[in-house]
Amino acid sequence: MQEKLSNHNSDLPNEVDVKFMAQRANGFYNNFILSIYRLLRFIVRRWYVFLGLLIVGIALGMYVDSTKSSRLRHELIVVPNFGSIDYLNQKIKDYDRLELNKKLISLNAGNEVYKLKIEPIYDAYNYILTDPVHFEAFKVLSDRGIDIEKYSKSKLASKNYKFHLLTVYTEGLGKTDLSIEKILEELNSDAYFNKRKEIEKANTLAKRAEIVKSIEHVNGLFQRLGSENKVNDITMNAYPELADLLTAKEGLMKQLNAVDVQLIEQEKVVYVATKFMNIAVSPFLPYYITLPLFFMFVYIVIAYLNSKIKSLKN
């Protein structure tokens, strides 16, 4: 009997806690409903004030929206060459502290670049297949059970992607093309990377000459095979090395194409592959919606504080 009483007494605190929490929740719900009711009564009583705030807010918001139409976004797909990706990231990060922005505002009719952002364009497939070293590295990671998709989006891997998206945000009435040109001029002005550009471009030209020479050599072999066969019945069986020559030439032509593309991109330290200009930047909600709501909210807060002060005085 005593054991049952002790068990019953031990359950009492839990029952009290549950009842107390239920009462608190019910009280909170009732207070919330009462507050909503009072707010609605207040709006009905002061409907003329809220109507005035609504009209003023919409009119002012439409005016602000019309003047903010000069905010634009420009997306540039760039290729950072010669190991310049860390330099480029730091340059973008430090942009707000550069004197260039002040010069742009003064030179270009107040056209301000108020934000710069850069991010890699993830393309793990081409990243792996275009370089045997990358392929072997990813093979080792896969063998060790590392999530390849997660690793491909890591900061370490993203630096090695070829293409990056540089986004430039401008505001003002000046020429946006001039602002973009000045930014690219600044990014391509580093002395060290420009010296590397000349060296690596010369090496690429030498590599191209070697590939062209190899293609000419393969073509010479084809011509020799053709001249030796007077009845023009060259077949794979008669010349088994013909398949190897065709494969070799195809590989050389792909290399030549890749080198020619590389020479185009090596014209600049930060090469612009393509760009999308003058994309309008719109806020999450237009000002003709947010301003009326803001004005009404401020009025409600002031009225609430005023009523509290009066109640305290009384």
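**View 1. Strand 2 and strand 3 pair in the antiparallel sense over 8 bridges.** Strand 3 covers residues 164–171. Two strands count as paired if DSSP finds at least two bridges between them. Strands (E, at least two residues) and helices (H or I, at least four) are DSSP runs, numbered from the N terminus. Within strand 3, His164 is the bridge partner of Pro120. The model is predicted: local features need pLDDT of at least 70, side-chain atom pairs count only at pLDDT 80 or more, and totals for chains, interfaces and linings use all residues. Residues are numbered from 1 along each chain as its sequence is written, and side-chain values use heavy atoms, with hydrogens and water left out.

**View 2. An open sheet of 4 strands has the order 2-3-1-4.** The pairing in this sheet is antiparallel. Strand 2 (112–120) and strand 4 (270–280) are at the edges with a single partner strand each, so one side of each has no neighbour in the sheet. On average, neighbouring strands are turned by 20° against each other, direction ignored. Axes are lines fitted to C-alpha atoms, for helices over the stretch in contact, and angles run from 0 to 180 degrees between N-to-C directions.

**View 3. Helix 3 and helix 9 lie across strands 1, 2, 3 and 4.** Helix 3 (residues 85–93) runs at about 145° to strand 2. Helix 9 (residues 176–187) runs at about 150° to strand 4. Contact means heavy atoms within 4.5 Å.

**View 4. Ser84 is found in the loop between strand 1 and helix 3.** Leaving out residues up to four places away in sequence, Ser84 touches Phe193 and Val269.
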